[in-house]
Every structure is written in structure tokens, then in C-alpha cells.
Amino acid sequence: MAATSITAMSKILAITGGVGGAKLALGLSKVLASDELLFAVNTGDDFDHLGLHISPDIDSLTYALAEENNQELGWGRQGETWQFIESLEALGGESWFRLGDKDMALHTQRTQLLNSGASLSDATASITQALNIAHTVAPMTNTPVRTIVHSDQGDLAFQHYFVREQCQPAVTGFSFNGLADARLNPVIENWLERCTGVIICPSNPYVSVDPLLKLNGFAERLTDLPVVAISPIVGGLAIKGPAAKMMAELDVPASAYAVAQHYEHHYPGLMNGYIVDKTDEKEASRITDGLRIPTIATNSIMVTLQDRVDLAHTTLGFLRDLTP
Ligand code: FO1
């Protein structure tokens with residue numbers, strides 16, 4: 001399906017991280033052309049592993065946009081084989097982080113590009129172009145930021161919490177090493193000069209969206225723009241990932257309302273509109289009245305490509321309605 005422009009004036013910034021965000025991102029890429037849509041991606045999940053630089057959220061988005069994402073696993077590349085990781089395991093090597101053979105090629109190429117002096121942004125552009133992705137996938141920053149999960153089992157690097165420990169430890173909070181010194185990717189900075197609206201994709205607010213919004217001055221740069229967020233929580237559950245479990249452990253009700261409250265508390269006035277799933281229709285009026293954020297309810301569970309495109313259209317229409 002080729003991207004068909006809905007308005008010649010759009011310059012949309014989509015903030016995304018993880019698999020839920022990547023689903024809507026694909027829908028948006030079908031609706032807006034590459035000069036109308038830029039993806040700003042969380043890099044807090046990045047880590048160095050087996051001598052390679054791994055950027056899981058960039059990978060999820062890259063494979064989604066290339067329509068090469070592994071639908072059974074929910075991460076990684078489709079049509080994968082596992083000879084490398086199985087051979088490594090047989091040698092007694094570290095194999096908890098399952099790197100597929102095709103996926104390994106991407107991490108190797110990224111690491112090579114970084115080692116030869118490319119920025120993460122340039123390395124990502126080279127890889128996405130090679131995979132025929134028209135849209136720009138912009139890492140939030142070119143400097144390392146690493147999410148640390150504080151838990152009942154101590155402080156854990158994000159992938160150790162998420163993959164090695166299977167999100168079992170109870171979380172008590174998060175910090176983002178390197179964030180204070182990180183500079184917003186100049187590609188995103190330039191886009192903001194002409195940006196007409198911002199979409200916060202249905203990603204985990206604590207570990208996918210906060211690292212971006214907390215980046216030096218970024219949230220403040222967005223306050224003059226129409227911003228719409230989509231709840232990653234539907235009917236008290238996270239569509240994918242540990243968001244609902246994290247909320248329960250942080251003593252926050254796992255609800256679409258609480259996600260809106262989180263954004264409003266930490267970034268007052270940032271969000272101009274909010275989208276919840278139609279199963280949470282009752283929450284929509286509570287959020288509109290209680291938090292004074294115009295909220296609509298629609299189908300936000302994206303199973304098919306058409307679901308992704310439909311949510312993209314609804315989000316862009318809502319954003320347009322909120323634009324002065
Ligand atoms: N997630 C898993 O649950 N298990 C894995 O072994 C795993 C490997 C992996 C390799 C490359 C990559 O880019 C992502 C990978 N993921 C894996 C997914 C990833 O760690 C998480 O989905 C994100 O960090 C959460 O946004």
C-alpha cells in the first residue's frame with residue numbers, strides 16, 4: 001500500500017518505542033508521505049551485547065516499516081533462523097538474548113557503521129534506506145542513554161530486566177543514565193522547526209515515552225504544538241509488554257486514565273487530545289471532564305494492517321480538529 005497524503009501541509013512527529021508504537025507507526029506511514037512524517041524513537045532500551053550495538057526499539061520500527069517484523073515472536077525479523085544463537089549456546093556463550101541470523105546482520109552492520117564514525121542517526125538512515133523504507137527513523141539522540149529499572153532485585157539494565165529476567169522483578173522506579181548530557185537528535189530538532197503536530201504512539205509511558213520527553217528541553221519544545229497521545233492500556237491491560245504490571249507495582253491503577261494523568265502530571269499542558277480504546281469509552285468522558293483533556297474512544301487494538309491505517313486516520317483527524 002503506497003502512502004497517500006491526507007493533507008499537503010502536514011509535518012507530523014510521531015514519538016514511538018516498542019512494538020505497540022511500531023504498529024501505529026506503520027499505519028501512519030501508509031497515510032503520510034516521507035516529507036510529512038518523522039519518527040522519533042526511544043533509545044533507552046539500547047545496549048551493547050556480544051560486541052554489538054543493539055537498538056531494540058529502532059529495530060522493531062525498522063522491521064515494522066519494512067513489513068518484515070516477526071509476528072509470532074512480536075519482536076525481531078520474520079523468516080528468521082537461529083543457527084548463530086544455538087551454536088553460541090552450545091559453546092557455553094551468553095544466549096538469553098535471542099539474536100536471529102538475519103537480525104544479526106542488522107546489528108553487525110549498525111555496529112560497523114558506528115565503529116567507522118557514523119552517528120546512530122546516520123547508521124539508522126543507511127539501514128532503513130537499504131531496506132527500502134521511505135520514512136526517516138530518527139533515534140531520539142546520538143548520545144548513549146540507558147534505562148535502568150529499579151526493582152526489588154536491585155537496579156537492572158533494561159534488557160536484563162525485560163528479556164533476561166522476563167519482567168519478573170517488581171519495579172520501584174526508573175532512571176535514564178546519560179539523559180542529562182544527551183542532545184536531541186538534530187534531525188528531530190530541524191523537523192520541529194516546521195512541525196505541525198505530534199502523536200505519542202501507544203507505547204509504554206515509563207520506559208518508551210518518558211526517555212524522549214525527559215530529554216533536555218524536548219517536552220518544552222512541544223508545548224506550542226497540538227499533541228495527541230494514544231493509550232497503551234486497554235481495559236486495564238497492556239496490549240503488549242509490562243506496562244500494566246509496572247503500573248500495579250508502582251501503585252498506580254492500570255488504566256487509560258492513569259496514563260493520561262501521568263503525562264499531565266509530568267508534562268503539564270503538553271497533551272491536547274487523548275485517544276482510548278472503545279472498551280474504555282467511560283474513561284473518555286472521565287478524562288475529558290476530570291483532566292480537561294479532550295478524549296475520544298475508538299478501536300485501538302491493531303490486529304490487521306487496516307486497523308493500523310484506521311487508527312492513523314482517526315488520530316490525524318483528531319489532531320486536525322485540535323489544531324487552532
Ligand atoms: N525480546 C524478548 O523477549 N526476547 C529476546 O530474546 C529478544 C531479542 C531481541 C533481539 C533484538 C531486538 O532488537 C529485540 C529483541 N527483543 C527480544 C525485543 C526487545 O528487547 C523488547 O521488545 C524491547 O526492548 C521492548 O521495547
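**View 1. The largest cavity of this predicted model has a volume of about 40 Å³.** A search of the whole structure finds one cavity of 30 Å³ or more, where a cavity is a set of points, on a 1 Å grid over the protein atoms alone, at which a 1.4 Å probe fits but cannot get out; grid points are joined across faces, edges and corners, and the volume is the space filled by probe spheres set on the points. The lining, meaning residues with an atom within 4 Å of a point, consists of Ile 58, Asp 59, Thr 62, Leu 106, Arg 110, Thr 124, Ile 127 and Thr 128. Helix H2 (56-65), H4 and helix H5 (120-130) each give two or more residues to this lining, helices being DSSP runs (H or I) of at least four residues, numbered from the N terminus.

**View 2. Phe 47 and Phe 97 form an edge-to-face aromatic pair.** Their rings lie 4.9 Å centre to centre with 75 degrees between the planes, and rings pair if their centres lie within 6.5 Å, with planes over 60 degrees apart counting as edge-to-face. Both Phe 47 and Phe 97 are buried, that is, under 20% relative accessible area with a 1.4 Å probe, protein chains only. Together with Trp 96, they form one aromatic cluster.

**View 3. The charged end of Arg 286 sits over the ring of Tyr 257.** The distance to the ring centre is 4.1 Å; for Arg, the rule asks for CZ within 6 Å of the ring centre and within 35 degrees of the ring normal.

Residues are numbered from 1 along each chain as its sequence is written. In this predicted model, local features need pLDDT of at least 70 and side-chain atom pairs count only at pLDDT 80 or more, while totals for chains, interfaces and linings use all residues, and side-chain values use heavy atoms, with hydrogens and water left out.

Terms used
Rings of Phe, Tyr and Trp (its six-membered ring) pair if their centres lie within 6.5 Å; planes under 30 degrees apart count as stacked, over 60 as edge-to-face and the rest as tilted. Buried means under 20% relative accessible area, exposed over 50%, partly exposed in between (1.4 Å probe, protein chains only). On a 1 Å grid over the protein atoms alone, a cavity is a set of points where a 1.4 Å probe fits but cannot get out, and a pocket is an open set with protein on both sides within 12 Å along at least five of seven lines; lining residues have an atom within 4 Å of a point.
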